[in-house]
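Here's a quick tour of some ring contacts and strand pairings. Have the viewer open as you read.

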Amino acid sequence: MRQFTAVVNPAAGSSSGTAALLPVARLLREAGAGLDTRYSRSLDHARELALQAASQGRVVLAVGGDGMAGAVGGVLSGTDAVLGLVPSGRGNDFARALALPTDPAALSELLLGAEPRAVDTIRVDSAVHDGVPVLGSVYAGVDAVANRYANQSRLLRGAASYYAGGARAVAGWRPAAYRITVDGGEARELRGYTVVAANSGFYGFGRRVAPDARVDDGLLDVVVIRHAPKRLFFTMMNELKTGAHMSRPQVEVLRGKEIRIEADRDLPYGADGEVDATLPVTVRVQPGALHVLR
């Protein structure tokens, strides 16, 4: 029977993480599994707890949203450790990409019985990030600006904060001149709103930015949204919910293993919801680097 260590989101009070974990923990223990719970003081502390549990041969459960999944999954990338997810955050986009059940009974059954499966991660290299592993996507442009505003919001939470942040970001946006290099080929130059290097098909609270992206195909889907009138871009933001934006002529998809993104100014880029760096950035797929219960 599996032995689990749950590492819980360091957000204030960890109430959402605790609420999500409790029914799952009860079912795991009733089935005879061992479960320890560790509350992290920060994402760095969560990484330490995850490595400690993995060194003891335990399955590490990341309890929280994409930030927690990214921190714990990232530090376990490239190891033999096994990751499980108990989604409880605002976004849960990586859990969506894995098609994890939200019902506690179904999730606990999966955690108990599913075989670990290898998925890809992303290595991020820039002036700030030196080989940092990321699970979902790296995006550079108006969406990173929007996410920065959303993360700073004190009045709004969840999707509402992203919508408000998006409106503010687009209102002040001027087109960026991008330079994109895929697998060391000839650089492509274009003006646009964003470039998204996607391992997972979802970002920004369930938006299907790269509907054809797969977490286990050894490739990154690079979604480019070219310049368009702002009113049309707002329409495309709405279409991200379903993936309908992919039919727009302003949207182009490239695929590759290594992507270099540069711009004509210090544009911010985000990695799994965290926005703390600016272009240029190089991202590389790491095939099968993480073992996940899915």
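This is a predicted model: local features need pLDDT of at least 70, side-chain atom pairs count only at pLDDT 80 or more; totals for chains, interfaces and linings use all residues.

## Ground rules

Residues are numbered from 1 along each chain as its sequence is written, and side-chain values use heavy atoms, with hydrogens and water left out.

## Aromatic pairs

How many aromatic pairs does a search of the whole structure find? It turns up three. To pair, rings of Phe, Tyr and Trp (its six-membered ring) need centres within 6.5 Å; planes under 30 degrees apart count as stacked, over 60 as edge-to-face and the rest as tilted.

Take Y139 and Y203, an edge-to-face pair with 5.3 Å centre to centre and 80° between the planes. Y139 sits in strand β7 (residues 137-141) and Y203 in the loop between β9 (188-198) and β10 (220-226), so this pair ties together parts that are 64 residues apart in sequence. Helices (H or I, at least four residues) and strands (E, at least two) are DSSP runs, numbered from the N terminus. Both Y139 and Y203 are buried, meaning under 20% relative accessible area, where exposed is over 50% and partly exposed is in between (1.4 Å probe, protein chains only).

Y193 and F233, on the other hand, are stacked, at 4.0 Å centre to centre with 10° between the planes. That pair also links distant parts of the chain: Y193 belongs to strand β9 and F233 to helix α8 (residues 230-239), 40 residues apart. Y193 and F233 are buried too.

## Charges over rings

R265 lies over the face of W173, at 5.0 Å from the ring centre. R168 does likewise with Y149, at 3.7 Å. The test is NZ of Lys or CZ of Arg within 6 Å of the ring centre and within 35 degrees of the ring normal.

Five of the seven residues of β8 (residues 176-182) are buried, so the strand is largely enclosed by the rest of the structure.

β8 pairs with β9 in the antiparallel sense over five bridges; pairing takes at least two DSSP bridges between two strands. Y178 has L190 in β9 as its bridge partner. Their hairpin has five residues between the strands, and D183 takes a positive phi near 55° there. β8 also pairs with strand β12 (residues 258-263), antiparallel over five bridges, and V182 has I259 as its bridge partner in β12.
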